[in-house]
Each structure stands twice: as structure tokens, then as C-alpha cells.
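This report walks through selected local features of one protein model, with the criteria behind each term stated where the term is first used.

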Amino acid sequence: MTRATKATGRAAGLYAAMMSGAALLSLAGSAQLSAQSGQLAGQRLSTVTQVSLAGAIADARAAIARSPGSRYTIALPAGVHDLSGGDARAASIDLSRIDACPGMLTITGAGKDRTTIITDDDLVGIMGRRTSCVTVADLTMTRRKIETTQGHVVALTPNSVTIDIPQGFPAPTSLLSNVQEEYADGREVNRKWLRRFNETPQGPQIDVEQPQVNWLSAVRAPGGKGRWHFNLREGRNMPRLRPGDLIGVKSKFGRDAYRFTDGAHITFRGVRWLMETRGIFHRVDYVTIEDCSISPPPPINGIRFALASSSGGPQIGHPMQPSQTRGHLVTGNDFRGTGDDALMFAHASGLVENNRLADSFALGIRIYESPGLRIGRNVTERAPIVRIADDVLENNNRPERRRLRPAA
């Protein structure tokens, strides 16, 4: 598919070279160097907006097209940079139609604690169609809209629960999409779920003994400004809730943090995702996700979030798309509080090791038809690892045969 050969060693080597002082000392303001094949070039932006970053990416695309195999860096300064607005239609950052192989296009911040990118709530964060040999590094990606809420149970019926939501947390109606999704047979796709959490000194933790339950609607209830009555979908496996229980509430309608289709050698290194955390890779080989994190947003009025987001983490492949992908490396990451599977692999091979996964609303790692995917030395806390095809639960590398419940 590309002129690149091997994944991780080359990507790491190029990254180290591009981040060397000599590589960037000559880049001042937004000045641009001409790219020469196999040599470093790029821009250091002093002001980052959707328009200025799109311009820098257009310059990179043109330079790489003129000199295939170039290594090109777009360096973003420390600070909080809002990419909402501008003329973007599909994504805040569009990396489509860039093939830098065997070189690399790198977009890097000054560190995930120093550079923050706010992407548009209504757009995909980063998009890449027919994109290869691109690295995003050393920054935080977030959004303004909070897509989860939470509160304590004050009343119950067999098919409803009333919850007091603290001041500052979103009303459940603000979590809903304006577009109703439907299956081919006309049934509504329902993405609204709630689940019980245990309150601990370390923060809210998923109650693994209680299943998630589908909520159908929510209306204000008498008794307080933040009191809401949730109607639940009845089923055979309803949670056992009590007054005072902490409930995390989500509605998974957000745009993806990133989405790549058709390509190879896509790397995220040292990136933190907040608010929107799910990323999609379809028909992409050699995905590397290294030393990244997903964590809940900062507390509101001293109250810690139960969930980091309404969605999951990186999703490599798709269960209904049997295209095989290879060469993936997911290592050294810390994913906590995802609103769905922290990691998902379908028809994929590679290595997943040395990750910490905790308090996933669904699963820690969900694996479909991926016998070539090696799982090793991961720490999972209330985040099971499940191979769907062979019905095996792997928890901290000790496989245990058990019957799985149908996935939500």
C-alpha cells in the first residue's frame, strides 16, 4: 500500500530525529523550509487556529508531494488552542491524501501538559483518508461539550430511577443527539446507558457486579433543580440499585476524536484525550499508540467524574469489515473511565502490552477474529479482556473459560 517497510523502529527513529534541537532551531515564527527528499523541513506555528493549522498542513502536503520521502514537522506552541469555527466541514484537522512514506509528517505539541487542542464539538477531531506515515505527538486533545453526567439515586421503581445531578454537571437532555439513528429494519439505535459506581478515596469505580442498563428518556422530577427521572428499558438482567448509589450516565452520540481510513503507519505518541476519546482505524496497517492516556475531566465543584467520556478508546478494524490489518503496536498507555471498550481490535494482528486499563463502562479490550494479536503484561482493573470468537476471558494474562453475556 505504501513504500514504507517496518513499523515501530522506523517511526521511533524518525520521531527522535525530528524532535532534536537541530531539527527545529531554524524554524522561527511560521517560517517554512523547503523540503528535500529524506531531509527535515517544517513550520513552527506561533498562532494556532483551524485556519492556520489547515494552511500548515496544506503546505506540508505540497512539500511532501514535491519531495517524496521527506520528513516534515509542524510544531505547535504551548498554550490552549481553539480549533472550533473556521471553514472546516468534516474535521477540525484534516490529514487526508498525505503519504509521507518512507519519511514522516509529524504534528507535535510542547507536551501533553503544555499544549492543548480544543476541537469542534460537531466535527471529527482528526481525519485521514488515504493517509500514511503521519505522527501526532505530545499534546492534549479535548472538546468543550461534556457528554456524560452523574448523580445519586433518590427513588426507584422496577423500570425507572430518579437521580439528583450535582450543580455544574450536564442535564441528561443536553447529552442527546439531534439525529435519530436507525437500524436497517427501522429500529432505533439506542446509545443511552447508565451504570452504578462505587465511591472510593481513589475516585469513582465501576461496580462490576451490576450491569449497565439502557435508559429511554429523562424528565425533570419534583424535589430539586437537579432532580431527574429516568425511564429504563426493562430486561432480564436489571441492576440492583439503592437510594444513595452513585450512577454514571452517558449518551454515546459524539463525533470521533480521530478517524483514519485506508493507509499505514499512523502513530499517536504522548497524546492525552479528554471529553471525546474514541478513535477509528479502518483498513490501516501499522498503527502505533504509545504512552497515551485517557482520563476523566477535572472535577466540577470538587466532585470527581465517574466517566472520562461517553465513548471508548482506539478501535482498530471493524467486526463487520473482514479486511485484515497488521503490524499494530499499542503499548505504555493509561486508559481510565472510557464510556465503552477501552480498546477494540477486529481482524487485526500485532502486539498489545504494558497498558493500564481501568473502569471501562464496557470492556477493557474487545477482540474479534484476531488470532495474530498478542496480549501481554497489561494491568486491568474492572476492565476485562474478551476474545469474542473463542469465548475466552483473559484477565491479567490468566485465561479463564466462562460464558459471556451478550455485549451491549
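Are C101 and C133 buried or exposed? Both C101 and C133 are buried, where buried stands for under 20% relative accessible area, exposed for over 50%, and partly exposed for the range in between (1.4 Å probe, protein chains only).

## Basis of the model

The model is a predicted one, in which local features need pLDDT of at least 70 and side-chain atom pairs count only at pLDDT 80 or more, while totals for chains, interfaces and linings use all residues. Residues are numbered from 1 along each chain as its sequence is written, and side-chain values use heavy atoms, with hydrogens and water left out.

## The disulfide

Taking a disulfide as a pair of cysteine sulfur atoms within 2.5 Å, the count comes to one. C101 and C133 form this link, with their sulfur atoms 2.0 Å apart, and the angle of 95° about the S-S bond makes the link right-handed. It joins distant parts of the chain, 32 residues apart: C101 sits in the loop between β4 (91–94) and β5 (104–108), and C133 in strand β7 (residues 124–142). Strands here are DSSP runs of E with at least two residues, and helices are runs of H or I with at least four, numbered from the N terminus. Another cysteine, C292, counts as buried because its relative accessibility is 2%.

## Aromatic pairs

Rings of Phe, Tyr and Trp (its six-membered ring) are paired if their centres lie within 6.5 Å, and planes under 30 degrees apart count as stacked, over 60 as edge-to-face and the rest as tilted; by this rule there are eight aromatic pairs. One of them is tilted, since the rings of Y258 and F268 have their centres 4.5 Å apart and their planes at 40°. Y258 has 0% relative accessibility and therefore counts as buried, and F268, at 0%, counts as buried too.

F260 and F281 form a stacked pair, 5.8 Å centre to centre with 10° between the planes. F260 lies in strand β15 (residues 258–273) and F281 in strand β16, so this pair ties together parts that are 21 residues apart in sequence; both residues are buried. Y258, F260, F268, W273 and F281 form one aromatic cluster.

A charge is placed over a ring when NZ of Lys or CZ of Arg is within 6 Å of the ring centre and within 35 degrees of the ring normal, and on this criterion K192 lies over the face of W215, at 5.7 Å from the ring centre.

## Strand pairing around β8

Two strands are paired if DSSP finds at least two bridges between them. Strand β8 (residues 148–157) pairs with strand β14 (residues 246–251) in the antiparallel sense over five bridges, and within this pairing T149 has V249 in β14 as its bridge partner. Five bridges also join β8 to strand β9 (residues 160–164), again running antiparallel, with A155 opposite T162 in β9. β8 and β9 form a hairpin with two residues between them.

## Two further strand positions

R283 is located in strand β16 (residues 279–290) and counts as partly exposed because its relative accessibility is 33%. The side chain of R283 makes a polar contact with the side chain of D262 at 2.7 Å; such a contact is a pair of N or O atoms within 3.5 Å, where, within protein, one must be able to donate a hydrogen and the other to accept it, and residues adjacent in sequence count only if both atoms are side-chain atoms.

G42, found in strand β1 (residues 40–44), counts as buried because its relative accessibility is 0%.
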